[in-house]
Amino acid sequence: MKRWGSILLIGLLLVGLLSACSMSNSGSKDGVVQLEFFQNKPEAKASFDELIAKFNQEHPNIHVSQVNPPDAETVLKTRVVKNDIPDIVGLGATDTYSLLAQSDIFMDLTGDKLLQNIDPKYAQMLQDVTGMQEVTGVPFALNASGIIYNKDIFKKLNLTVPKTWDELIATAKKAKAEGTIPFYFTYKDDWQTNLPFNDMGGTLVGTDFYKERREGNTTFVAGYQEVAKKQLELLNYGHNDNFGKAYSDGNRAFANGEAAMYIQGSWAISEIRKVNPDIQLGFFPLPGSNDESKNKLTAGIDTLLAISSQTEYPEQAKEFIAFLLKPENSQQYIDQQNLFSAVSGVQQKDSSVAELLPYFEQGKIVDFVDHYIPSAVQLNPTVQAFLQNKDINGFLSTLDKEWDKVAARRAS
């Protein structure tokens with residue numbers, strides 16, 4: 001893949017945002033190396049604070065400080081413009097990471113011992129999303145998307161976990177016939193409309209589509225017809241206010257037993273339990289295909305750990321990452337965050353996600369397809385508008401037009 005010059009790349013990302021800059025906390029003070037760890041997940045701040053405190057205590061010659069500002073990705077891009085890059089960066093394997101990696105701000109870790117205990121398929125995810133041969137981050141934690149279900153409702157209605165698309169629709173019909181809301185949709189938040197798009201896109205189309213799209217060999221109009229049709233079909237089994245309820249509303253409603261199923265990510269489990277700690281939850285992949293063998297779990301890198309190529313302390317930065325990758329520390333993090341570990345041998349033990357573990361073990365996972373879609377395409381509001389106007393060809397044509405605009409800007 002062609003790399004873009006740093007000035008052009010950052011200019012496209014950050015026009016008018018220079019005032020948001022934060023200053024680095026790295027350096028050396030009284031013989032103690034000061035490292036800045038910048039990460040973008042506010043919900044993970046407390047978990048990282050615990051691990052950082054433990055690291056600092058065990059390493060008196062290194063002091064790590066966490067920076068976790070609001071709108072962290074915008075702040076990070078702004079700091080790149082100012083050439084004020086944190087020593088260590090934690091973020092998801094998204095288009096933002098891809099663009100920053102291609103601007104050469106992260107250290108090349110290809111073949112580094114930090115990757116020795118990381119499942120190779122997760123390192124491959126980073127290469128796939130960036131289009132680069134180099135590995136410029138260490139996968140740390142993964143999340144998953146699919147269908148959370150209420151085990152008590154399934155038992156009451158004599159429902160079984162569906163393995164195919166037709167079985168899923170039959171399950172939804174039966175729940176609806178029994179007076180139970182099959183799916184609780186929260187489409188007031190546009191990012192929520194993207195969840196079925198991701199799940200079915202991974203299974204029915206796959207991520208290789210995006211390599212072909214980059215090369216101009218296919219289009220969304222050609223590749224995403226089935227995904228679009230099935231996403232519309234799901235709307236028949238929601239509630240009476242699908243576009244009036246937000247994510248927080250859905251978590252409360254589902255926790256209170258108002259629906260049988262919830263198309264959602266693993267990140268929602270802890271939020272649901274805050275409302276109802278006793279709820280019995282299960283989790284299965286959204287089966288987009290009628291060929292059971294083709295259905296996969298959507299799972300992607302929630303947090304990767306990258307090192308600035310300009311840091312004055314690369315060895316100390318690697319020491320901190322190696323600490324986070326220790327099995328006991330990785331286990332602590334994924335237990336607190338309801339995530340999955342990229343570290344070999346570290347397993348999520350929460351009963352709510354037990355049905356997902358075989359997919360990880362068998363490698364039947366596929367990355368979030370929106371990780372491959374440029375953020376400038378504005379996928380979320382485009383999907384939301386489509387679900388309201390139900391114009392399939394208009395929706396897919398819009399994605400193609402916006403993709404081509406972004407590609408043209410990046411190539412110029």
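# Helix packing and loop residues

Contact here means heavy atoms within 4.5 Å. The residues that make this contact of α12 with α13 divide into six nonpolar, one polar and two charged.

The model is predicted, so local features need pLDDT of at least 70 and side-chain atom pairs count only at pLDDT 80 or more, while totals for chains, interfaces and linings use all residues. Residues are numbered from 1 along each chain as its sequence is written, and side-chain values use heavy atoms, with hydrogens and water left out.

**Helices α12 and α13**

- Helices (H or I, at least four residues) and strands (E, at least two) are DSSP runs, numbered from the N terminus.
- The axes of α12 and α13 come within 8 Å, and they cross at roughly 60 degrees. Axes are lines fitted to C-alpha atoms, for helices over the stretch in contact, and angles run from 0 to 180 degrees between N-to-C directions.
- The two helices α12 and α13 are therefore oblique to each other. Angles under 35 degrees count as roughly parallel, over 145 as roughly antiparallel, 65 to 115 as roughly perpendicular and the rest as oblique.
- The crossing of α12 and α13 is right-handed. A crossing is left-handed if the near helix is turned anticlockwise from the far one by less than a right angle, and right-handed if clockwise.
- Which residues of α13 (residues 268-275) are buried? They are Ala268, Ile269 and Ile272. These three lie on the same side of α13, because they cover an arc of only 105 degrees around the axis. The arc is that of the directions from the helix axis to the C-beta atoms.
- Buried means under 20% relative accessible area, exposed over 50%, and partly exposed in between (1.4 Å probe, protein chains only).
- The packing partners of the buried residues of α13 are β5 (138-150), α12 (247-255), β7 (259-265) and β8 (281-284).

**Two other helix pairs**

- Helix α8 (residues 190-204) packs with helix α17 (residues 379-389) at an angle of about 80 degrees, and their axes are 8 Å apart. That makes α8 roughly perpendicular to α17.
- On the α8 side the contact involves Asp190, Trp191, Thr193, Asn194 and Phe197, and on the α17 side Leu379, Asn380, Pro381, Val383, Gln384 and Leu387. These contact residues of α8 and α17 divide into six nonpolar, four polar and one charged.
- Helix α2 (residues 45-58) and helix α15 (residues 327-337) have axes that come within 10 Å and cross at roughly 160 degrees. That angle makes α2 roughly antiparallel to α15, and their crossing is right-handed.
- In this pair, Ser47, Phe48, Glu50, Leu51 and Lys54 of α2 meet Glu328, Asn329, Gln332, Tyr333, Gln336 and Gln337 of α15. The contact of α2 with α15 divides into three nonpolar, five polar and three charged residues.

**Buried residues to look up**

- Leu126 belongs to helix α5 (residues 120-130). Is Leu126 buried or exposed? At 1% relative accessibility, Leu126 counts as buried.
- Leaving aside neighbours within four places in sequence, Leu126 is in contact with Ala93, Tyr97, Val135, Gly137, Val138, Pro139, Ile301 and Leu304. The C-alpha atoms of Leu126 and Gly137 are separated by 7.5 Å, and the two residues are eleven residues apart along the chain.
- Thr180 sits in the loop between α7 (165-177) and β6 (181-183). With a relative accessible area of 19%, Thr180 is buried.
- Not counting residues up to four places away in sequence, Thr180 touches Ile153, Leu157, Ala175, Ala259 and Ala260. From Thr180 to Lys155 is 25 residues in sequence and 13 Å in space, C-alpha to C-alpha.

**Other loop residues**

- Gly345 lies in the loop between β10 (340-341) and α16 (357-361), and at 81% relative accessibility Gly345 counts as exposed. Gly345 and Ala407 are 62 residues apart in sequence and 40 Å apart in space, C-alpha to C-alpha.
- Asn158 lies in the loop between α6 (151-156) and α7. With a relative accessible area of 60%, Asn158 is exposed. Asn158 has a positive phi of about 60 degrees although it is not a glycine.
- Asn83 is placed in the loop between α3 (72-81) and β4 (88-91). Phi of Asn83 is near 55 degrees, a positive value in a residue other than glycine.

Key. Ala, Val, Leu, Ile, Met, Phe, Trp, Tyr, Cys and Pro count as nonpolar, Asp, Glu, Lys and Arg as charged, and the others, Gly among them, as polar.
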